[in-house]
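Subject: Structure for your review

Dear colleague,

Please find below the structure I mentioned, together with its sequence. My notes on what was found in it follow directly after.

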Amino acid sequence: MACIANIRHFMPRNSASACSPTSQTSGHTAVVGLQWGDEGKGKIVDVLTARHDVIVRYNGGANAGHTVVAEGQKYALHLIPSGILYPEKTCVIGNGTVVDPEKVIDEMEKLRARGIRVDGTNLKISDRAHVVMPWHKEQDAALEEYLSSVTAGQRGSLAIGTTRRGIGPAYSDKVRRSTAIRMRDLLDPEYLRERLRVICKLRSAELEALGVKAQPLDPDAVTDRYAAIGMQLAPHITDTVFALHDAIAEGKSLLFEGANAALLDIDHGTYPYVTSSNCSALGIPAGTGVPGCHIHRVLGIMKAYSTRVGGGPFPTELLDETGDRIRERGREYGTTTGRPRRCGWLDLVAVRYSTMLCGATGVACTLFDVLAGFEELKVCVAYRRPDGSMTDRFIPDARGLEGIEPVYETLPGWPESSTPAANRNALPANARAYLERVEAYLGVPIEMVGIGPDRAQTLVREPVGCG
Ligand code: IMP
């Protein structure tokens with residue numbers, strides 16, 4: 001018996017955190033972008049936060065960004081989940097993320113200055129998340145500069161068009177292991193110093209090779225700076241895997257918030273024009289330690305049209321006045337970098353693929369109001385390959401998408417309305433028909449329709465779920 005008691009000590013507080021039928025009723029949800037990012041996840045997460053207890057980031061870093069408007073105040077967040085604006089919620093930055101600790105401290109301080117509580121009980125950061133160090137941003141920028149000067153025939157520049165937030169180099173170090181730093185290392189200055197002695201030496205040489213002219217990195221100075229950061233963040237750094245399983249066992253509901261989006265997934269996106277993490281729903285188990293069987297509802301977020309920032313294939317891109325009109329109506333400029341976004345028609349081939357990949361049980365269609373006022377609208381339902389053959393299966397590879405022509409279906413538009421619809425049935429008939437065509441093609445229901453930037457401008461239908 002003593003043995004069993006000891007074993008239970010290491011288990012989550014209540015063994016119901018296993019994927020048992022009882023745990024299936026607690027209603028954990030994932031929210032993921034189904035396109036190339038910037039689908040307006042922030043607003044949907046904000047709507048769903050009210051119904052969940054713990055909000056969890058599982059991938060990416062400060063390359064993501066969302067602006068939330070709460071009680072007339074605007075908050076721009078990159079790493080801290082917007083759930084922090086609700087005093088009774090817990091926010092978790094999971095082990096699958098790469099954390100720029102100075103950015104987190106900056107976000108924390110800005111929130112506190114506006115009266116928002118941020119402490120070790122409502123913001124937990126995984127001790128196993130990897131740290132974005134200053135040289136990661138320098139490496140990212142230097143590599144992009146170099147690649148933008150290299151062209152490969154018709155394909156143009158080889159630059160990825162990254163956010164230059166050090167994401168790729170930080171994940172590269174995670175995989176390389178010997179040159180990585182995890183959040184827990186910031187709490188142990190002597191261990192940190194030992195690692196930094198080697199890392200700074202190697203990194204100085206690498207930066208020089210990339211043409212970055214700087215003083216050699218001083219391991220003692222870097223240690224002092226990062227150990228001080230560690231002390232500041234110490235109340236937040238914890239084993240979030242056990243914290244999440246404890247929360248599940250206590251009957252709390254979790255909301256997993258994906259950063260970036262499925263078509264930027266390192267394994268399943270338009271490689272190599274992707275980010276460096278598994279940003280589809282497939283990243284949740286590895287990035288949090290919570291197995292997939294706990295996720296009962298996956299809400300995929302899809303803009304009513306398509307956008308993309310940075311390089312890479314974009315079959316339905318519009319390089320004409322219609323594209324400009326979408327950009328202006330949708331205010332399509334990056335939150336993180338301010339870059340104008342590339343705009344185009346809705347690519348249903350791509351979204352059906354990411355719906356399948358993420359196991360989306362429903363879709364939220366955002367920025368639907370942007371489409372009002374067009375005489376007619378197009379949706380891409382197939383791809384024509386350069387040899388003339390057709391496919392309705394997405395090709396998750398940049399080279400594979402070369403020369404692909406979108407095959408469109410044309411749908412009638414609807415006029416701008418002066419009175420916002422109170423529910424989906426109150427939308428103009430052509431607007432309803434557009435949504436129904438999308439649902440029929442994707443094979444999942446559209447549970448939410450965004451008709452304006454405010455939290456209240458969301459038409460909601462009850463979820464279907466899979467649990
Ligand atoms: P990185 O994540 O900064 O390495 O950038 C890799 C690619 O992903 C670039 O094309 C970025 O523009 C894109 N990207 C990364 N995060 C986001 C996002 O949150 N929204 C849109 N694009 C993103």
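The protein chain of this predicted model is divided into three parts: domain 1 covers 26-127 + 235-298, domain 2 covers 131-233, and domain 3 covers 303-460.

The notes on domain packing concern domain 1 and domain 2. Their C-alpha centres are 24 Å apart. Contact between them involves 30 residues of domain 1 and 25 residues of domain 2. Together the two domains bury about 2,200 Å² between them, and carbon and sulfur atoms account for 62% of that area. On the domain 1 side, Val98, Ile237 and Tyr273 contribute 26% of the area buried against domain 2, more than any other three residues.

Polar interactions also cross this interface. Between domain 1 and domain 2 there are 8 residue pairs in polar contact, counting pairs with both residues at pLDDT 80 or more. The interface of domain 1 and domain 2 also holds 3 salt bridges. Separately, a salt bridge joins the side chains of Lys137 and Asp100, with an N to O distance of 2.7 Å.

I turn next to the ligand. The ligand has 16 residues around it, and those that come nearest are Asp38, Asn63, Thr163, Asn260 and Thr275. By residue class, the shell consists of 6 nonpolar, 8 polar and 2 charged residues.

- Thr163: an N or O atom of the side chain is 2.6 Å from an oxygen atom of the ligand.
- Asn260: a polar side-chain atom lies 2.9 Å from a nitrogen atom of the ligand.
- Arg339: a polar side-chain atom is placed 3.1 Å from an oxygen atom of the ligand.

As for burial, the ligand taken alone exposes 470 Å², and the protein buries 96% of that area.

With kind regards

Conventions. Residues numbered from 1 in each chain as written. Predicted model: local features only at pLDDT ≥ 70, side-chain atom pairs only at ≥ 80, totals over all residues. Heavy atoms only, no water. Near = heavy atom within 4 Å. Polar contact = N/O pair within 3.5 Å; in protein donor to acceptor, adjacent residues only side chain to side chain. Areas by Shrake-Rupley, 256 points an atom, 1.4 Å probe, with all protein chains shown as cover. Nonpolar A, V, L, I, M, F, W, Y, C, P; charged D, E, K, R; others polar. Domains from an automatic or database assignment. Contact = heavy atoms within 4.5 Å. Buried area = accessible area lost by both parts, 1.4 Å probe. Salt bridge = Lys/Arg side-chain N within 4 Å of Asp/Glu carboxyl O.
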